Structure formats: C-alpha cells, structure tokens
Amino acid sequence: MFENPTISIEELPAVDKIDFSPLEKEYHQYQYFNWIITSILYLLGITIFLLFTGLVTKSTVALSAYGVITLFIISRGVFVYKGFPFKGYAIREHDVSYNSGWLWKNLISVPFNRIQHVSMGQSFIEKGFNLAH
C-alpha cells in the first residue's frame, strides 16, 4: 500500500550549508574562448548585414548597430568574468548540487534516486581545454 507521511521542515537537509567545490580553471578559459569566438561572429554578422543592406554608408545606423553589439559583447564578457567565482558543485551522499549566479543566484540539487539518465559529450574545443573527459 502507498504511504505518504508528513515530515517536518527541520528534517530536510540544509542546502545553505553546502561546501561547494569550484569549477576547473580550464572551464573558465573555455568560457573566455567561447566569448571571443561568439563576439567575432556577432561583429562579422552585423558587418555582413550592413554591407548587404547598404546601411553601412549611413553612419548613424552603422554606428548604432555596432554600439549595440559592442555593449552586448562587453556585458557578456563582464558576466563571464564576474560569474565564474560563483559557480560550484557539491556531490553529497544523496544528491548532487550546482550553484551559480552573480546577479541572479541559482542552486540546483538533484537527488541521485531521481536521476534516470546521464550522457556525456565532448567537442574538439572542449577536448583542447581538457574538459569533459
């Protein structure tokens, strides 16, 4: 027969007292590399768009587009730089937890008995940084 007894809140494990392990420094380098490559692609994409639409000759439109993209690239770089120290993981007896967030805190805890499938992959870039091996 199915039973679902009530438990008190004090019996739940405290997640605020978890000792998180920091992520590997190679992952931070990978994030920087990813930021640089995507920044180049954004700038290349806006340049191609402005060239093909003929808007590159209109300096205010071109400068505005480059300004918005540059602001986005810089803000993403700040998030990569500032956010990394706040990322960490903890593997405990009954669960695995991941903590992240510089401006918006995020804590994910998953009990081992709820995990149904684990899949690992590694791109050639991640392999170059010796990640996910």
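Aspartate 95 sits in strand S3, which covers residues 95–100. Please keep in mind that this is a predicted model.

Is aspartate 95 buried or exposed? Its relative accessible area is 11%, and the cut-off for buried is under 20%, so aspartate 95 counts as buried.

What does its side chain meet? The side chains of aspartate 95 and arginine 92 are joined by a polar contact of 2.7 Å. The pair also qualifies as a salt bridge between aspartate 95 and arginine 92, with 2.7 Å between the closest N and O atoms. How many salt bridges does the count give? The count comes to one. The two partners can be set side by side: aspartate 95 is buried at 11% relative accessible area, while arginine 92 is partly exposed at 26%.

Now the other surroundings of this residue. If we leave aside neighbours within four places in sequence, aspartate 95 is in contact with Ala90, Ser109, Val110, Pro111 and Phe112. One of these, proline 111, is also the bridge partner of aspartate 95 in S4.

That takes us to the sheet. Which order do the strands have? The sheet is open, with four strands in the order S1-S2-S3-S4 and antiparallel pairing. Strand S1 (21–22) and strand S4 (106–111) stand at the edges; each has a single partner strand, so one side of each is left without a neighbour in the sheet.

Let me stay with S3 and S4. These two strands run antiparallel and are joined by six bridges. I have already named the pair of aspartate 95 and proline 111; another pair is serine 100 with asparagine 106 in S4. Together S3 and S4 form a hairpin, with five residues between the strands. In the turn, glycine 101 has a positive phi of about 115°.

Last, the surface, where we move to a helix. Phenylalanine 33 lies in helix H1, residues 25–53. Its relative accessibility is 33%, so phenylalanine 33 counts as partly exposed. Phenylalanine 33 belongs to a nonpolar patch on the surface. Which residues form this patch? They are Phe33, Ile36, Ile37, Ile40, Leu41, Leu44, Ile48 and Phe52, and together they have about 780 Å² of accessible area.

To recap: aspartate 95 is a buried residue, it forms a salt bridge with arginine 92, and its bridge partner in S4 is proline 111. That is where I will stop.

Note on methods: Residues are numbered from 1 along each chain as its sequence is written. This is a predicted model: local features need pLDDT of at least 70, side-chain atom pairs count only at pLDDT 80 or more; totals for chains, interfaces and linings use all residues. Side-chain values use heavy atoms; hydrogens and water are left out. Buried means under 20% relative accessible area, exposed over 50%, partly exposed in between (1.4 Å probe, protein chains only). A polar contact is a pair of N or O atoms within 3.5 Å; within protein, one must be able to donate a hydrogen and the other to accept it, and residues adjacent in sequence count only if both atoms are side-chain atoms. Contact means heavy atoms within 4.5 Å. A salt bridge is a side-chain nitrogen of Lys or Arg within 4 Å of a carboxyl oxygen of Asp or Glu. Patches are made of residues with over 30% relative accessible area and no salt bridge: like charges are joined within 9 Å, nonpolar side chains (Val, Leu, Ile, Met, Phe, Trp, Tyr) within 5 Å. Accessible areas come from the Shrake-Rupley method with a 1.4 Å probe; for residues, only the protein chains shown count as cover. Two strands pair if DSSP finds at least two bridges between them.
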